[in-house]
Amino acid sequence: MAVLTVPHTRVRGIAACVPRNEESNYDYELTSEKERKMFVKTTGIETRRVAEEGVTTADLCYQAAEQLIEELQWDKQEIDALVFISQSGDYILPATGILLQDRLGLPKTTMAYDVNLGCSGYIYGMAQLGSLISTGGIRKALMLVGDVSTATSSYRDKSTYLLFGDAGTATALEFDKDASEMTFNLQSDGSGYDTIIIPEGGLRKFVSEESFKYKDHGNGMVRNGIQVALNGEKVFHFSMREVAPNIRELVENRLGKALDDFDYYVLHQANMLMNNSIRRKLKLEKEKFPNSIQRYGNTSSASIPLTIVTQLHEQLQGDVKNIILSGFGVGLSWGSVNIHADNLVIPKLLEV
Amino acid sequence: MSIEKFIDQVEEEFEELEQGTLKPDSNFREYFEWNSVNALIIIALIDSEYDVTINAEDIQQAATVQDLYHKVMELKEAS
């Protein structure tokens with residue numbers, strides 16, 4: 001069981017950047033007004049931010065990172081590690097994190113690499129980077145997390161187009177021997193690999209002329225092979241089945257606490273109905289579950305930090321807050337973590 | 001837990017359904033627009049009221065309200 005405790009690592013700050021360009025789901029032309037209203041009512045998603053063509057995840061993360069470094073007054077020479085967590089890198093190779101090391105003006109003594117994960121990426125990334133920091137060898141580190149998912153979703157596919165928004169985020173982690181422990185519970189189930197998938201363009205189905213041909217999959221789903229396919233019912237069923245037990249295991253069995261002992265639960269923002277159902281399973285009140293999905297849609301791995309920046313900016317100042325973060329989706333991959341938010345530096349949301 | 005209660009709950013969840021419209025042998029797909037969003041609403045409803053997670057195939061295979069209800073009861077007994 002991948003339950004791990006990471007000592008000596010403190011989350012210092014979180015920043016987020018979204019494209020200024022906003023799209024409203026009420027304006028989508030390919031469904032009836034009634035269907036659009038039903039969609040908004042169920043998923044909660046009213047508007048989404050959509051990156052202009054050519055703007056990449058790295059561009060958004062770069063802006064968030066510069067803002068955070070400045071706000072923290074970190075000396076760039078002291079940043080020992082950078083990890084880029086995304087499924088929308090600049091190139092197939094090299095890894096985008098390495099380009100960001102140079103672009104941010106970090107020294108050559110910085111280690112940089114990528115992690116290829118989506119909705120669970122924020123939790124997995126924090127487990128990895130936190131473990132490195134806890135050894136004492138890495139003092140200051142940046143975790144750059146996000147996706148420009150709209151670049152690979154088809155306008156003519158109502159099962160994906162209305163869900164995704166774009167965002168890039170930066171989280172600063174630092175070695176601190178007095179920091180409270182972070183405890184993780186990480187899981188995966190590759191049998192559900194095709195639940196959310198871009199089927200072509202990798203080595204299993206190498207890109208070909210065929211990849212660019214739009215195909216009608218019925219039910220308002222027209223897309224090509226290098227665009228994302230999502231089985232909504234399967235994702236929903238998976239999340240309903242796995243997320244609450246994962247959190248319960250972490251809280252009750254590993255931490256020996258009650259669910260009610262935590263100040264906030266920041267869940268990946270995939271679907272409002274889903275998050276409400278997970279909350280009901282945990283029998284907790286609405287006030288502990290902040291949401292950003294209404295305005296920004298499903299922003300993949302950026303959804304947890306984006307929700308913190310937009311919804312908990314004030315709440316996480318002052319006393320230490322004991323919070324649970326939980327990410328779940330593509331892979332299938334999921335996990336949750338308990339962290340103590342101690343005067344986090346959270347700059348205002350950046351829009352570019 | 002009776003099928004009448006189950007029908008009440010489904011009717012309450014969907015605005016376009018007037019109370020008393022559905023019968024145990026009704027094909028529920030004929031009574032409101034059937035799409036994946038509505039499937040999610042049914043999954044969530046069953047989950048919160050009966051504490052079992054029904055999957056999309058189970059809903060697809062159910063022809064009538066009664067079929068769906070029996071599936072829920074079957075899952076409940078197995079849990």
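Predicted model: local features only at pLDDT ≥ 70, side-chain atom pairs only at ≥ 80, totals over all residues.
With a relative accessible area of 4%, A:W334 is buried. The ring of A:W334 has a partner in A:F238: their centres are 5.1 Å apart and their planes stand at 75 degrees, so the two meet edge-to-face. The pair links distant parts of the chain, since A:F238 belongs to helix α5 (residues 232-254) of chain A and A:W334 to strand β16 (residues 333-341) of chain A, 96 residues apart. A:F238 is buried too, at 2% relative accessibility.

Chain B has an edge-to-face pair of its own: the ring centres of B:F6 and B:Y50 lie 6.0 Å apart, with the planes at 65 degrees. B:F6 sits in helix α1 (residues 3-13) of chain B and B:Y50 in helix α2 of chain B, so the pair ties together parts 44 residues apart in sequence. B:F6 counts as buried at 1% relative accessibility, and B:Y50 at 2%. Over all chains there are eight aromatic pairs, and ring pairs also join A:Y28, A:Y155 and A:Y161 into a cluster.

Now let us turn to where the chains meet. Here 18 residues of chain B are in contact with 16 residues of chain A, and together the chains bury about 1600 Å², 64% of it on carbon and sulfur atoms. One salt bridge crosses this interface: the side chains of B:D47 and A:K281 come together at 2.9 Å, N to O. Helix α2 (residues 36-50) of chain B supplies the largest share of the side of chain B that touches chain A, ten residues. By class, that side has eight nonpolar, six polar and four charged residues.

Conventions
Residues numbered from 1 in each chain as written. Chains lettered and ligands numbered in written order. Heavy atoms only, no water. Contact = heavy atoms within 4.5 Å. Buried area = accessible area lost by both parts, 1.4 Å probe. Salt bridge = Lys/Arg side-chain N within 4 Å of Asp/Glu carboxyl O. Helix = DSSP H or I, 4+ residues; strand = E, 2+ residues; numbered from the N terminus. Nonpolar A, V, L, I, M, F, W, Y, C, P; charged D, E, K, R; others polar. Phe/Tyr/Trp six-rings, centres within 6.5 Å; stacked < 30°, edge-to-face > 60°. Buried < 20%, exposed > 50% of the residue type's maximum accessible area, 1.4 Å probe, protein only.
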